[in-house]
Amino acid sequence: MSARETAELLLQVGRLVQAEGYDGELSPAQWMALRFFARANPFSRTPSAFAEFQATTRGTATQAIKALEAGGYLVRQPFKTDGRSVSLRLTSKGKKALARDPFEVLVRAVDSLDATERTAMRRALHQVLSTLATSGAHRRFGVCPDCTHFGREMCGNLPSTGPSAAECLLLGVPIQPEDVGLLCVHFQPMNEHREDGRTP
């Protein structure tokens with residue numbers, strides 16, 4: 001199969017999943033916003049981070065967010081460290097909506113593959129996303145264990161949450177255990193060099 005045929009299959013999957021997304025009150029963009037804020041870590045639950053994740057304008061992202069807020073799916077809170085910035089989180093209504101997320105159709109389709117096929121697909125799609133991100137001005141998102149900035153041990157005067165406590169080396173803050181597997185806007189893949197010239 002040619003690269004073009006494979007790319008067309010990816011587009012077809014995307015179109016089918018997006019078509020499933022027109023469900024009741026929510027549009028595909030609003031479903032994407034709900035999924036993002038459910039999976040984003042505390043540093044990334046902002047309108048600008050969502051816009052970057054969607055590779056769209058801040059205005060377009062804000063429209064989806066405002067609709068979700070008006071519908072009672074999202075609520076905004078000021079950051080504890082910076083009252084000028086806001087953090088968005090799902091309400092109980094938003095969490096209930098995700099329980100009937102049409103995206104689960106794709107999750108079940110992927111789950112029907114065996115473990116080897118799923119692993120190969122994940123690696124291949126990560127490589128494709130990485131190539132796309134480096135060829136444009138798009139930011140990569142990922143999780144702490146795969147990030148250059150992930151530190152296993154707390155140091156200095158930072159509080160420890162346990163023997164294997166973690167911190168973000170970029171921000172110099174502790175990472176709570178429940179946040180380690182969440183998406184982060186500050187993600188930098190392990191295989192890329194740090195800006196200071198050191199390798200991960």
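A salt bridge is a side-chain nitrogen of Lys or Arg within 4 Å of a carboxyl oxygen of Asp or Glu. The model is predicted: local features need pLDDT of at least 70, side-chain atom pairs count only at pLDDT 80 or more, and totals for chains, interfaces and linings use all residues. Residues are numbered from 1 along each chain as its sequence is written, and side-chain values use heavy atoms, with hydrogens and water left out.

**View 1. Salt bridge between R118 and D111.** The closest N and O atoms of this pair are 3.9 Å apart. D111 is exposed, at 52% relative accessibility. R118 is partly exposed, with a relative accessible area of 31%. Here buried means under 20% relative accessible area, exposed means over 50%, and partly exposed lies in between (1.4 Å probe, protein chains only). Side chains of opposite charge can pair when their charged atoms come close.

**View 2. Salt bridge between D101 and R35.** The closest N and O atoms are 2.7 Å apart. This pair links distant parts of the chain, 66 residues apart. D101 sits in the loop between helix 5 and helix 6 (104-111), and R35 belongs to helix 2. Helices (H or I, at least four residues) and strands (E, at least two) are DSSP runs, numbered from the N terminus. D101 is buried, with a relative accessible area of 6%. R35 is also buried, at 17%.

**View 3. Salt bridge between E69 and R76.** The N to O distance is 2.7 Å. E69 counts as partly exposed, at 22% relative accessibility. R76 is partly exposed too, with a relative accessible area of 37%. The whole structure holds three salt bridges.

**View 4. Helix 3 and its buried residues.** Helix 3 covers residues 47-54. P47, A49, F50 and A51 are buried there. The buried residues pack against helix 2 (28-39), helix 4 (58-70) and strand 2 (86-90). Contact means heavy atoms within 4.5 Å. A55 follows helix 3, and its phi is positive, near 55 degrees.

**View 5. T91 in its loop.** T91 lies between strand 2 and helix 5 (92-98). Is T91 buried or exposed? T91 is buried, with a relative accessible area of 16%. Not counting residues up to four places away in sequence, T91 touches G72, Y73, L74 and V75.

**View 6. A nonpolar patch on the surface.** L10, M121, L125, V128, L129 and L132 form the patch. Together they have about 500 Å² of accessible area. Such areas come from the Shrake-Rupley method with a 1.4 Å probe; for residues, only the protein chains shown count as cover. Patches are made of residues with over 30% relative accessible area and no salt bridge: like charges are joined within 9 Å, nonpolar side chains (Val, Leu, Ile, Met, Phe, Trp, Tyr) within 5 Å. Helix 7 (residues 115-135) gives the most, with five residues. L132 is found in helix 7. An α-helix has 3.6 residues a turn, so residues three or four places apart point the same way.

**View 7. The largest cavity.** About 110 Å³ of space lies in this cavity. The cavity is lined by 13 residues. Among them, C144, C147, H149, C168 and C184 lie nearest its centre. On a 1 Å grid over the protein atoms alone, a cavity is a set of points where a 1.4 Å probe fits but cannot get out; lining residues have an atom within 4 Å of a point.

Note on methods. 1 Å grid on protein atoms, 1.4 Å probe; cavity = no way out; pocket = protein on both sides within 12 Å on 5 of 7 lines; lining within 4 Å. Points joined across faces, edges and corners; volume = space filled by probe spheres on them.
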